[in-house]
Amino acid sequence: MGTRQLNMIKLLLLAVTLAEICAAQNDMTLSVFTVTSKTMTLQWSGSSEASSYKITITPKFSSKPPVLVHFGGNTKMASIISLSPSTVYTVSLEAMDNGLNAIGTAQTEGITAPEIPSIIQAYSKKSDSITVEFTEPTLEFAFERQWSPSAISYLLRAEKEDFFLEVPVSESPGTIIGLEPYTDYTISVMSVNSGGRSQPSYPVEVKTVVTAPLFNTTSPANDTIVADWPEVENAVLYTFTIIQQGSNSRFDFNTTDSSITFTDLEAGTNYCIKGTSWDAEGRQGDDYTACQITRPGSPNVAHIALSSGRTFGVFVYWIPVQGGDTYVVWISDGENCTATSESFCSIDPVECGESYTVSIVASNNAGSSEPSVPTQFVTYPCPPENIWVDEPEPSNCTLMWDPVALVDFYIAYIKRDDGYELSCNTSEASCNFFCMCGYTYLTTVLPYNQAGPSPYSPVQNYTTIPCCPNDVTVSLVSTETLEITWTAVNGAELYETTAAESWKTIHCNDTAPVCALSDLNCNTAYSVIVTPCSEIRGCNNTCTAQTHETAPCSPEILNMTQSNNSTYSVFITNPNVGETDYTITATGQQTLTCHTKESSCDLTELPCGSSFHVTAVATTDVGESLPSYSKLLETGPCCPTTVDVTQVTQAMTNVTWSSSTGAYSFVTALTSMHGDAKCHTTDLHCLMGCITCSTNYSVTLEAISSTGHKSECNYQGFSSSPCCPTGIKLYRSTNNTLRVYWHSMGPRIHTHVVQLRGKGGIYTCEAPPPNSYCDIAETTCGDVYRVDVAPKGPNGIVQFCHSRTYSVPCPGSNTGISRGKRSVS
């Protein structure tokens, strides 16, 4: 915020303070009635006992001495003069009695009006206003030593006979508006603050200027603009300036007339024109500006195109001209079209085979251009009304049509339905062409003149007799069905297909190029003919036949015998005449085949535990027969991959084996020179007894399917564990030693392990072969021992030998070796 604005705010606050101060005592009031720059008029309510009043007026913010004034007792309003402008005064009022004693007082504050401003200059630039430049009185703030405008605002006053106008302004310069043109006014200015307004300044005389020429503009031609206006009162001269839009060049013209013409302008171009009036004193008056576009230039026809279709139309193209907003195209029959944003338009319809002229007019807001130079064009020739084809002899056709007027020549187009085309350029009304059988020909004739060809013409369809199919294919569907296919013949609407033998003929009629002849005999030759027909031309009966044999008859499986575990022989019938191959197929988890020209063949490498469906198919040069009825072939079950033999006791073993594909039950056998063991079960394990210790066994297994098929399986041999000893005895020896004796079963080739368990602990020893005893040092006499003696075989110590319990007394009356007593088990 600037210093000037800050001081203005201070002055406003001071004014508010003055307005609020009003004190009254003894029912007396005092107020400021009005002020000027150097006077202050006061009014008060008096006292009935007062004989006089004393007023003291003191500057509030100045060291100047107060002013003391006396008034009679009947005075209630008075003016104080010779005061300072824009000064705050404290005013005191005292009511005096006859003894000059104060009997009542009142006090107030007031501010004088600002100083009287002076007019620097006043002038008129608009016919309805006067601008005044004036001085702005200032006020020094003593407590800050700053100067600021002493006025809050200003009043501009304009006067003439029977006219008075005051306009408030905030600063210099200020403008008085709402005045009459070319009129003398007395102008003065007053300064205003919160206290009131100053006296008017010294007046000046100012005359307003004349009004502007309010002209209208027109463009009578594309290079001319005319401006005309009513005469302006008191104007003696007019100045006009014309500026082309988008250009920096300007041209000035003076005239005393009420119209002016600007020539040599550009067509379709915007121009802005400013007109100014001048009075007799040479003062410039108001100005008025208007913009005007010149008429566009005449466009030129760029191209004329005729539209195609069932109705004829003409497209007219032109080169746009500057300033052209709308274009109207006229042709000589009175038809027209209009375009605004495009550079073309179309007129539809026009007659075929006619001659027209076309012209274009461009227009904008200023008006229309001159029409373009007329351009002549001719429309397309009319198409012929009738077209037909004559075929006097096969493959020799003539296309004919009705002649049409205004034609220079004809081009006949002949298109075959396979895409082949030919044309004929002629001035006659006919054309010869070669026409093949089996095709439809689309024929049309286009007449030409200088405008070009007719955009459409009737199309005549002509179909020749259908040709015989030359790609007939006969294929086997089954032993009793032949499928005949061929490429469709153009023009054929129906096909008659026959298959004949010596005593029977099969017919098939269809619109599709395919036919299935069923209920035929297998292994039989038929004569097949395809005859194409059309409703218009009938059937072509010149087509040749071809002979095709049906598929061989299906064989029958008579028997299947097993040669070994993986080979089976299959026996079949041979129902066909001629050389025939037979394929036997076994289908299961995998497919196996064998081939023969005879009545049997062998299927080899059949996997175990599998079921196969066996079929036989006959094959000749013609194709394959239908498969025979299938028969089920089941191979023997698979041998288990692993067999484990585990000895449970000295005379009993547990045999387990892996699962077997196709097996329902198993027969397991352990065979040795000392005897055999056998088990028949549906489980994958078997508990077998009657096993001899220290004996080698051969292991075999027979897998049996649910239908009784068997497979013999051999596995690695099994050796039973060493025999447990018998006759175990415990004796005391010298030196506190205990000796254990036993009797070995079988050859003495195994180490025996002895273990004694008593209260004193566990004692062990080993006896290598061929020993049959073992000594153990006794630590505690009179103990009861559990004695275990077991041989050590390839798989470790035999765990299932029985224990013995002995009570051994301490040495006493007996000497030497004392035989212990066997405890009761």
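Colleague: Which hand does the link of C693 and C723 have, with 90° about the S-S bond?
Modeller: Happy to start there, keeping in mind that this is a predicted model. The sulfur atoms of C693 and C723 are 1.7 Å apart, and the two residues form a disulfide. The torsion about their S-S bond is 90°, and the link is right-handed.

Colleague: How many residues apart are C693 and C723?
Modeller: C693 sits in the loop between β60 (685–688) and β61 (696–704). C723 lies in the loop between β62 and β63 (726–733). The pair links distant parts of the chain, with a separation of 30 residues.

Colleague: Are C693 and C723 buried or exposed?
Modeller: The cut-off for buried is under 20% relative accessible area. C693 falls in that class, and so does C723: buried.

Colleague: What is the hand of the disulfide of C522 and C553?
Modeller: The sulfur atoms of C522 and C553 are 1.9 Å apart, and the pair forms a disulfide. C522 is in the loop between β45 (514–517) and β46 (525–534), while C553 is in the loop between β48 (546–549) and β49 (557–564). The torsion about the S-S bond is about 85°, so this disulfide is right-handed.

Colleague: What torsion does the link of C639 and C713 have about the S-S bond?
Modeller: These two cysteines form a disulfide with their sulfur atoms 1.8 Å apart. The link of C639 and C713 is left-handed, with a torsion of -90°.

Colleague: Where in the chain is C713?
Modeller: Its partner C639 is in the loop between β55 (631–634) and β56 (643–649), 74 residues apart from C713. C639 is partly exposed at 33% relative accessibility, whereas C713 is buried, with a relative accessible area of 3%. C713 belongs to strand β62 (residues 710–719).

Colleague: Finally, how many disulfides does the count come to?
Modeller: The pairs we discussed include C522 with C553 and C639 with C713. By the rule of sulfur atoms within 2.5 Å, the count comes to 17 disulfides.

Conventions
Residues numbered from 1 in each chain as written. Predicted model: local features only at pLDDT ≥ 70, side-chain atom pairs only at ≥ 80, totals over all residues. Heavy atoms only, no water. Helix = DSSP H or I, 4+ residues; strand = E, 2+ residues; numbered from the N terminus. Buried < 20%, exposed > 50% of the residue type's maximum accessible area, 1.4 Å probe, protein only.
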